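Please look over the sequence and the model shown here before reading on. The briefing that follows takes up a helix, a charged residue, some aromatic rings and a loop residue in turn.

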Amino acid sequence: MEFRKIKVEEFEKLKNLFPDNEKMWSKYKKKRLEQFEKQEIDVFIIENNENIIGEITVNYKSHQLATETIPNRRVYLEAFRVDKKYQGKGLGQKLINYCTDYLANRGYIEYTIGVEDDNEIAKHIYFKLGFTNAIDKGHGDEFDPSEYTLYLKDIDKFDIKSYIGKTVTARIDRQMGSKHPKYGFIYPINYGYIPNTISGDGEELDCYILGVFEPIESFTGKCIAIIHRLNDNDDKLVLVPKDKNYTNLEIRALTEFQERFFENIIIN
């Protein structure tokens with residue numbers, strides 16, 4: 001499974017994701033290719049064995065609402081589609097995270113998306129990903145004329161590495177000895193999250209607690225490292241009591257029960 005930005009000459013490959021209407025596809029393709037020509041859009045995809053199974057379009061120029069974009073700061077996301085056979089697997093969320101990560105590296109810190117008010121499933125997903133600020137109302141175009149609310153997600157340029165050396169308070173929702181609700185493995189250490197934060201996956205920033213040898217409900221301690229996942233949008237803090245420390249080899253050994261499923265590096 002690969003996430004990437006497509007080239008303009010690949011656009012025809014998106015046809016299998018478009019509603020089955022040849023005339024409408026031709027008009028849609030013409031419009032998009034004109035926008036490509038003017039460098040007004042990019043299209044990001046999910047590709048599986050050379051088949052495109054998901055897409056999302058990034059607009060750098062506003063069209064329906066002036067609030068959609070701000071040059072070099074805000075972009076508008078639309079035409080978000082995932083092949084029905086692959087829905088419900090979290091791939092769409094990963095595509096949005098891949099897309100916003102790419103854009104953040106180019107300096108964009110605000111993202112908007114239009115959601116129909118009665119589409120509760122989509123609203124739940126977008127809210128989880130940080131699109132929580134309703135800023136405008138609009139009507140779609142001829143390809144999707146529905147009324148929608150425009151939601152904004154904004155990020156700051158906060159560097160997660162700034163946590164290192166700081167005292168942090170965590171809530172523990174996976175206590176030592178508890179079982180993972182989906183995968184069934186046992187937590188050999190306490191595992192929790194930092195309240196009122198947002199990680200790359202749209203949830204609170206998670207953390208491992210080392211040096212505590214009994215189940216706990218909360219913890220305040222020193223952050224000694226960040227586990228940065230290379231193939232997942234979900235970094236982890238490593239917290240310890242103020243009088244303890246661990247080497248990277250020890251951190252890797254103590255978190256292997258979960259981190260073995262990911263490629264990662266330890267930052268400290």
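This is a predicted model: local features need pLDDT of at least 70, side-chain atom pairs count only at pLDDT 80 or more; totals for chains, interfaces and linings use all residues.

Residues are numbered from 1 along each chain as its sequence is written, and side-chain values use heavy atoms, with hydrogens and water left out.

**Helix α4 and its surroundings**
- The buried residues of α4 are I251, T255, F257, Q258 and E259, where buried means under 20% relative accessible area, exposed over 50% and partly exposed in between, with a 1.4 Å probe and protein chains only.
- These buried residues pack against the strands β9 (190-194), β10 (205-209), β11 (218-229), β12 (236-240) and β13 (264-267).

**The charged residue D235**
- D235, in the loop between β11 and β12, is buried yet has no salt bridge, and R229, the nearest side chain of opposite charge, is 6.9 Å away.
- A salt bridge requires a side-chain nitrogen of Lys or Arg within 4 Å of a carboxyl oxygen of Asp or Glu; Lys and Arg count as positive and Asp and Glu as negative, while His and the chain ends are not counted.
- The side chain of D235 does make a polar contact with the side chain of H228, at 2.8 Å, and a polar atom of the D235 side chain lies 3.3 Å from the backbone nitrogen of R229.
- A polar contact is a pair of N or O atoms within 3.5 Å; within protein, one must be able to donate a hydrogen and the other to accept it, and residues adjacent in sequence count only if both atoms are side-chain atoms.

**Aromatic rings**
- The structure holds 19 aromatic pairs.
- The rings of Y187 and Y191 are stacked, because their centres are 5.6 Å apart and their planes are at 25°.
- Rings of Phe, Tyr and Trp (its six-membered ring) pair if their centres lie within 6.5 Å, and planes under 30 degrees apart count as stacked, over 60 as edge-to-face and the rest as tilted.

**The loop residue L14**
- L14 lies in the loop between β1 (2-5) and α1 (22-37), and L14 counts as buried because its relative accessibility is 1%.

Conventions: Helices (H or I, at least four residues) and strands (E, at least two) are DSSP runs, numbered from the N terminus. Contact means heavy atoms within 4.5 Å.
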